[in-house]
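Please look over the chain shown below before reading the notes that follow, which move from the overall fold to single residues.

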Amino acid sequence: MEPAELDVLGLREQLFHERVRECLICTLLFASLYILSHFVITCFKKHTDFATVEDDEDAAVDRIALSLCTFTLAVSLGALLLVPFSILANEVLLLFPHNDYIQWLNGSLIHGLWNLVFLFSNLSLVFLMPFAYFFTEAEGFAGSKKGILARVYETFVELLLLTLLVLGMVWVASAIVDEDTGSRESLYDLWEYYLPYLYSCISLFGGLLLLLCTPVGLSRMFTVTGKLLVKPRLLEDLDEQLNCTRFEEAALSHKISASPTSCWLNLSAAVLQEQSLAIQSRRLALELRRCASPWQRNLAYPLAMLCLLALTAISVLVVCFHTLELLLDDAAMPRGIQDAPLGQVSFSIFGSFGAALQVVLIFYLMVSSVVGFYSSPLFMRLLPVRQDTPMTKIIGNCVSLLVLSSALPVFSRTLGITRFDLLGDFGRFNWLGNFYIVFFYNMLFAALTTLCLVKKFTWAVRAELIRAFGLHKLPLPVTRTRQPSKLC
């Protein structure tokens, strides 16, 4: 063979090995996320016994729905890790540019991960999760033979009707928003235009959901952290709480041991037993917190509060700076790229420290958005309970987490938390190029976060002042309203 043919053959062999290596890395990463997601779901899923032969069909449906939910949660974790993994990969390549052991961490791998997450997110939101819900609720059409096939047939019919409904709604919405005839005809191409446009709408909805939930979560993080950690004795009197809990437990024990024919016993024995178990668990938790070490009591809580306050302040300052930058520089607008130039320049002006801070801020905002999501009155019912969450609620939680996490790359780039541009189809969203949407999005986030934090801290200061002066022990005035007499 000639030298030119040998060079071409060597290049093809090198490309083949790189592709196989990328496939293996993606498979190992997704398998790890799938195993982790399976443990998380089984930790919250309600255990159901399928003892009889008739329950074999329900058991098969439960296993299929569980595997689909696990796949969706794994995709959610992958979408969450996209931007942090890309930022860290760029910094590692900058620190070790000539190291042969990390040359597999290249732009082709990162771009492939972004495309896979985009594809699996579309697949989960459009097909897998609706299929899991309809398949769980399906029983087969009336008059048909019962079995798995009857449920599958009913599920596919419902999915077809839902697809036609969503397709028609998106087509009508596109025709209303954009009056161009070409944009209407473009929706006839399902793969090239419809799915990215539908995912753009879902991403916009996820971005709005993050805009509303993240400020609430940032203010709620202080309360949640205060419940998990032991406060200093100046801020919390554990002895008083423990005594009150013991008195409540003793009173409930007296009620349970009393005769059922007592005139004052209004609650059933089962309800009293549940209340007694709840108070007992609360008493045990208070006793454990009382036995905490002085270091844990006097050092962990102030450090955690300072870290939360610093991260929240940095997030608000970054968003405010990015808002001003939008007015001065067009490069601050989020944009999509088709190639990831890794290992050339850092995505932060502070180098590796700034990149690490970006990663921490992204995870902090995601955790805050989840806390705010489950704290809102509209989605509070979706909060999973350990070993007591039904399958339909697990499906709802997986869909919600996928919507939030898939919008996180666009959310972090729109707010200027990171300078890493959107790869693949994530940068094809129609609303990203609208200056007014991006500008007012930043303004609303900064305003809502500041408002929630001011309300949170002013309310906390008022509560502490009332408790310090002993005003909370004063009896509340009772106003009696006179009922108008009815004339006979």
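**Overall architecture**

The chain holds 13 helices and 2 strands, where helices (H or I, at least four residues) and strands (E, at least two) are DSSP runs numbered from the N terminus. This is a predicted model, in which local features need pLDDT of at least 70 and side-chain atom pairs count only at pLDDT 80 or more, whereas totals for chains, interfaces and linings use all residues. Residues are numbered from 1 along each chain as its sequence is written, and side-chain values use heavy atoms, with hydrogens and water left out.

**Burial, surface and contacts**

- Of the 488 residues in the chain, 39% are buried, a class that means under 20% relative accessible area, with exposed meaning over 50% and partly exposed lying in between (1.4 Å probe, protein chains only).
- The accessible surface of the chain comes to about 29100 Å², and carbon and sulfur atoms account for 68% of that area, as computed by the Shrake-Rupley method with a 1.4 Å probe, where for residues only the protein chains shown count as cover.

**Nonpolar cores**

- The largest nonpolar core has 56 residues, and within this core Trp114, Phe411 and Phe445 touch the most other members; such a core is a set of buried Ala, Val, Leu, Ile, Met, Phe, Trp, Tyr and Cys residues joined through side-chain atoms within 4.5 Å.
- At least two residues of this core come from each of the helices H1 (3–44), H2 (56–95), H3 (107–137), H6 (190–228), H9 (294–328), H10 (352–375), H12 (408–414) and H13 (435–468), and H10 gives the most, with 10 residues.
- A second, separate core consists of 23 residues, including Cys69, Phe134, Ile394 and Val403.

**Helix H11 and its cysteine**

- Helix H11 spans residues 391–406, and its 16 residues reach 22 Å from the first C-alpha to the last, close to the 22 Å expected at 1.5 Å a residue; the expected span is 1.5 Å times one less than the number of residues.
- The buried residues of H11 include Met391, Ile394, Ile395, Asn397, Cys398 and Ser400, and Leu402, Val403, Leu404, Ser405 and Ser406 are also among them.
- Cysteine pairing gives a count of 0 disulfides, under the rule that a disulfide is a pair of cysteine sulfur atoms within 2.5 Å.
- Cys398 is accordingly in no disulfide, and the nearest cysteine sulfur, that of Cys69, is 4.4 Å away; Cys398 counts as buried because its relative accessible area is 4%.

**Two serines with side-chain contacts to backbone oxygens**

- Ser219 is placed in helix H6 and counts as buried because its relative accessibility is 10%.
- A polar atom of the Ser219 side chain lies 2.7 Å from the backbone oxygen of Val216, which falls under the definition of a polar contact as a pair of N or O atoms within 3.5 Å (within protein, one must be able to donate a hydrogen and the other to accept it, and residues adjacent in sequence count only if both atoms are side-chain atoms).
- Leaving aside neighbours within four places in sequence, Ser219 is in contact with Cys452, Leu453 and Lys456.
- Ser375 lies in helix H10 and, at 22% relative accessibility, counts as partly exposed.
- The backbone oxygen of Val371 is 2.6 Å from a polar atom of the Ser375 side chain, and, not counting residues up to four places away in sequence, Ser375 touches Arg220 and Met380.
- The C-alpha atoms of Ser375 and Gly217 are separated by 7.6 Å, although these residues are 158 residues apart along the chain.

**Other local sites**

- Gln387, in the loop between H10 and H11, has a phi near 60 degrees, a positive value in a residue other than glycine, and at 40% relative accessibility Gln387 counts as partly exposed.
- Glu325 is placed in helix H9 and counts as buried at 19% relative accessibility.
- Leaving aside neighbours within four places in sequence, Glu325 is in contact with Ala332 and Arg419, and its C-alpha atom is separated by 9.4 Å from that of Gly416, 91 residues apart along the chain.
- Ala250 lies in helix H7 (residues 238–257) and counts as partly exposed at 46% relative accessibility, while the C-alpha atoms of Ala250 and Ser276, 26 residues apart along the chain, are separated by 9.1 Å.

Methods
Contact means heavy atoms within 4.5 Å.
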